[in-house]
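Welcome, and thanks for taking a look at this one with me.

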Amino acid sequence: MVLQGRHPHSNRHRSQQDLEKVSKALSLLDIEDIAMRDFGAISGGQQQKVTIARAIAQEAKVLLLDEPTSNLDIMHQLEVMDLLRRLVRKNNMSAIISLHDLNLTSRYADNVIMLKRGNVISSGEPLFVLTPENIASVYHVEVVVKSVEGRPYIVPLRPLFHHPSRRPDD
């Protein structure tokens, strides 16, 4: 699976360089022990890490990741996000990441785009986007936003069932 990431760089034959790039990606994510296992036979969290390793092996300049921390416990979420941050900075890359965890978003994002039904509600630095008003508008939840290490930290309080735009099918 990870070796498939090297496809754009190869001529149908695995080169030593391809194998080295795959080995490095597996090592970065600490998943060497599952390298030869069937993708369908590993856990959802391991599948997430394998998918990220494939993107790393591909050496893309822009990473597009959809919920890269889903199915991971909190320690592995932080490991993956720290790794992505290091990769982006070290390799002068960009990462566009879809996340529903607002606190992970706040901790790691340089810029946030908050969407509601495909429309941009707000965009910019986390401090200016992750506000109680924006969160209530998008998620129909009352929150308190605290500051932790200069970043917003969201504490959910209760659903806003009385929210005027809330419909039963939301």
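Predicted model: local features only at pLDDT ≥ 70, side-chain atom pairs only at ≥ 80, totals over all residues.

1. Now for the overall picture. The protein chain contains six helices and six strands, and their order along the sequence is α-α-β-α-β-α-β-β-α-α-β-β. Along the principal axes, the C-alpha atoms fill a box of roughly 60 × 35 × 30 Å.

2. On surface and interior: of the 170 residues in the protein chain, 35% are buried. The chain exposes about 10900 Å², and 51% of that comes from carbon and sulfur atoms. If you look at contacts between residues at least 6 apart in sequence, 44% of them join residues at least 24 apart.

3. Next, have a look at the pair formed by helix 1 (residues 16-28) and helix 2 (residues 44-58). Their axes come within 8 Å and cross at roughly 140°. Helix 1 is therefore oblique to helix 2, as an angle has to be over 145 degrees to count as roughly antiparallel. The crossing of these two helices is right-handed.

4. Which residues in helix 1 and helix 2 meet? From helix 1 come Lys-21, Val-22, Ala-25 and Leu-28, and from helix 2 come Ala-53, Ile-56 and Ala-57. The residues of this contact divide into six nonpolar, one charged and no polar.

5. Back to Ser-122: is this residue buried or exposed? Ser-122 is buried, because its relative accessible area is 15% and the cut-off for buried is under 20%. Leaving aside residues up to four places away in sequence, Ser-122 touches Val-112, Ile-113, Met-114, Phe-128, Val-129 and Asn-134.

6. One of those partners, Asn-134, leads us to helix 6 (residues 132-139), where Asn-134, Ile-135, Ala-136 and Val-138 are buried. What covers the buried residues of helix 6? The cover includes helix 4 (102-108) and helix 5 (126-129), along with strand 3 (112-116), strand 4, strand 5 (141-148) and strand 6 (151-159).

Definitions and conventions
Residues numbered from 1 in each chain as written. Heavy atoms only, no water. Axes fitted to C-alpha atoms, helices over the stretch in contact; angles between N-to-C directions. Helix = DSSP H or I, 4+ residues; strand = E, 2+ residues; numbered from the N terminus. Parallel < 35°, antiparallel > 145°, perpendicular 65-115°, else oblique. Left-handed = near helix turned anticlockwise from the far one by under 90°. Contact = heavy atoms within 4.5 Å. Nonpolar A, V, L, I, M, F, W, Y, C, P; charged D, E, K, R; others polar. Buried < 20%, exposed > 50% of the residue type's maximum accessible area, 1.4 Å probe, protein only. Areas by Shrake-Rupley, 256 points an atom, 1.4 Å probe, with all protein chains shown as cover.
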